[in-house]
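Trainee: I have a protein model open, and I would like to learn how to read it. Could you take me through it step by step?

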Amino acid sequence: MTPLLQVKGIEKRYGTRIGCTGVGFDLYPGEVMGIVGESGSGKSTLLNCLAGHLEPDAGQVIFDTRANGPVDTLTMSEPERRMLGRTDWAFVHQHARDGLRMSVSAGGNIGERLMAVGDRHYGDIRDKAIDWLGRVEIDGTRVDDRPTAFSGGMQQRLQIARNLVTGPRLVFMDEPTGGLDVSVQARLLDLLRGLVREMGLSAIIVTHDLAVVRLLADRLMVMKDGHVVESGLTDQVLDDPQHAYTQLLVSSVLQV
Amino acid sequence: MSAYNFAYLDEQTKRMIRRAILKGLAVPGYQVPFASREMPMPYGWGTGGVQVSAATLTPDDTFKVIDQGADDTTNAVSIRKFFEKTAGVATTEETEMATVIQTRHRIPEAKLREDQILVYQVPIPEPLRFLEPRETETRKMHSLEEYGLMHVKLYEDISQHGAISTAYAYPVKVSGRYVMDPSPIPKFDNPKLEMEAIQLFGAGREQRIYAVPPHTRVVSLDFEDYPFEATKANHPCDLCGAEDSYLDEVIMDDAGNRMFVCSDTDYCRSRRKAGHQGRMATEGAA
């Protein structure tokens, strides 16, 4: 089987400082990869390099495109990369405000990607928007409300609906549950797990919350100071950490 | 007259503007940056249009200025006088006679000809501006033809008002490529954008010039189930009886009486001269 995403030797430097270096992994269709590490460990830099928001200084990000098979997205032309960014890829930001248009209604937010790929039938777009609101557990009657009138958890779910409406194959998530209270987090995780399984999505999730990766991720990468210090199956890494830093990380989780 | 260079601007500046105009004509709908000069009038009063007119006028031209269709409003009168004084060109109020027409917010009702140039005053040339505030981003969207966002605006219109409520500055796609703001003309005028005359757009404050060459395809954006409609007040003109012209609504008194008149004053006048009469026309009013 061809990996959906092959990452080879990604390096990003900020001047002489290391953002991340020597990162490589394969991601297969339907697989969810978690990236954990403390603040400043380079996990968000890595995610932004993979998603094409930052240009890495070295390395390859090879994506298995529908039309042409595996292609290095870093050498793609910008229109192609941006097209990928709104069809086969999705990016869920930590803060819903970064991923939503706050002055546009929920329906318009969900419809934007559809219209960007050429949908020109208002009725169809609206039906799909209402359908997706339902899937992320937002009442269909809120379709004309602006995200500013939504709670934090609803905004995050709206952002997910907006991203998944074009049926992407790979989703990047940057701390999707950050800043939400625990009960809302639990429901969001439940929803995400359902959607990932149901749509057969591949996902790369960056988080510092080990519980999130325990629930969602099949595989785990632990980052420290821009390097990957340990990787493997999620349960294996969390239950039997080998690297000193991973041991510290796992033992630092508060037990309730 | 001798105190000014012809048409106020110096020759180097006019060359610079003409280069921008030519580039605009070569790439229909593309916003060409240009080094907008300070003009002796405030931004928002047509500084862009005036500079384009100045670079376009020749001593043989006949110049007409309209503001919301009218020849006799402040903006139109002062710009007409400005060029009478600085260029000494002939001016007219008749659309037929003019070779260069500067306009604010209207296209004349009379069909324009191949030998005429229509110059628009544009306040905000970027059709995506209110959706995407970053200029770097809107430029990228134009260059990559990413226009989904424009439809998001129309979607919002329909979801809030049940119909596309954008009534002026209605976005168009020019020659199948660039999405363009046709300046704040009423959408009634949009179908007229496909014409025989050259159309030049000048935005002074925003330092942009763009153009639509003659016989260029200009399509108003819409949805399959909510097609574009050119709308006007459902009423004939009360002075000349025209049913096909864009109308201004005039409140007559405190009792709520009102009349509708052609916003294109020259069109209305010429129709009354030809004997057409509306509901409120008085004898000899023309």
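Mentor: We will go from the whole chain to single residues.

Mentor: This is a predicted model, in which local features need pLDDT of at least 70 and side-chain atom pairs count only at pLDDT 80 or more, while totals for chains, interfaces and linings use all residues. Residues are numbered from 1 along each chain as its sequence is written, chains are lettered from A and ligands numbered from 1 in the order in which they are written, and side-chain values use heavy atoms, with hydrogens and water left out.

Trainee: How many helices and strands are there in chain B?

Mentor: Helices (H or I, at least four residues) and strands (E, at least two) are DSSP runs, numbered from the N terminus. Chain B has six helices and twelve strands. Its radius of gyration is 19 Å, close to the 19 Å from the globule rule for 286 residues, so chain B is as compact as a globular protein of that length. That radius is taken over C-alpha atoms, and the rule is 2.2 Å times the number of residues to the power 0.38. The C-alpha trace of chain B spans about 60 × 55 × 35 Å along its principal axes.

Trainee: What percentage of the residues of chain B count as buried?

Mentor: Buried means under 20% relative accessible area, exposed over 50%, and partly exposed in between (1.4 Å probe, protein chains only). In chain B, 53% of the 286 residues count as buried.

Trainee: How should I read a pair of aromatic rings?

Mentor: A ring pair is described by the distance of the centres and the angle of the planes. Rings of Phe, Tyr and Trp (its six-membered ring) pair if their centres lie within 6.5 Å; planes under 30 degrees apart count as stacked, over 60 as edge-to-face and the rest as tilted. Over all chains, the structure holds 15 aromatic pairs. In one of them, the rings of Tyr8(B) and Phe82(B) have centres 5.3 Å apart and planes at 55°, so this pair is tilted.

Trainee: Which parts of chain B does that pair tie together?

Mentor: Tyr8(B) lies in the segment before α1 (11–26) and Phe82(B) in helix α3 (residues 74–86), so the pair ties together parts of chain B that are 74 residues apart in sequence. Tyr8(B) counts as partly exposed at 28% relative accessibility, whereas Phe82(B) is buried at 14%. The rings of Phe82(B) and Phe83(B) have centres 5.1 Å apart and planes at 75°, so that pair is edge-to-face. Tyr4(B), Tyr8(B), Phe63(B), Phe82(B) and Phe83(B) form one aromatic cluster.

Trainee: What about the backbone angle phi?

Mentor: Most residues other than glycine have a negative phi. Here, His105(B) has a positive phi of about 70° although it is not a glycine. His105(B) sits in the loop between β4 (100–104) and β5 (117–121) of chain B and is buried, with a relative accessible area of 15%. In chain A, Asp225(A) also has a positive phi, near 50°, and its place is the loop between β9 (219–224) and β10 (227–233).

Trainee: Which residues of chain A does Val152(B) touch?

Mentor: Contact means heavy atoms within 4.5 Å. Not counting residues up to four places away in sequence, Val152(B) touches Val104(A), Gly108(A), Glu112(A) and Met115(A). Val152(B) is found in helix α5 (residues 148–161) of chain B and is buried, with a relative accessible area of 1%.
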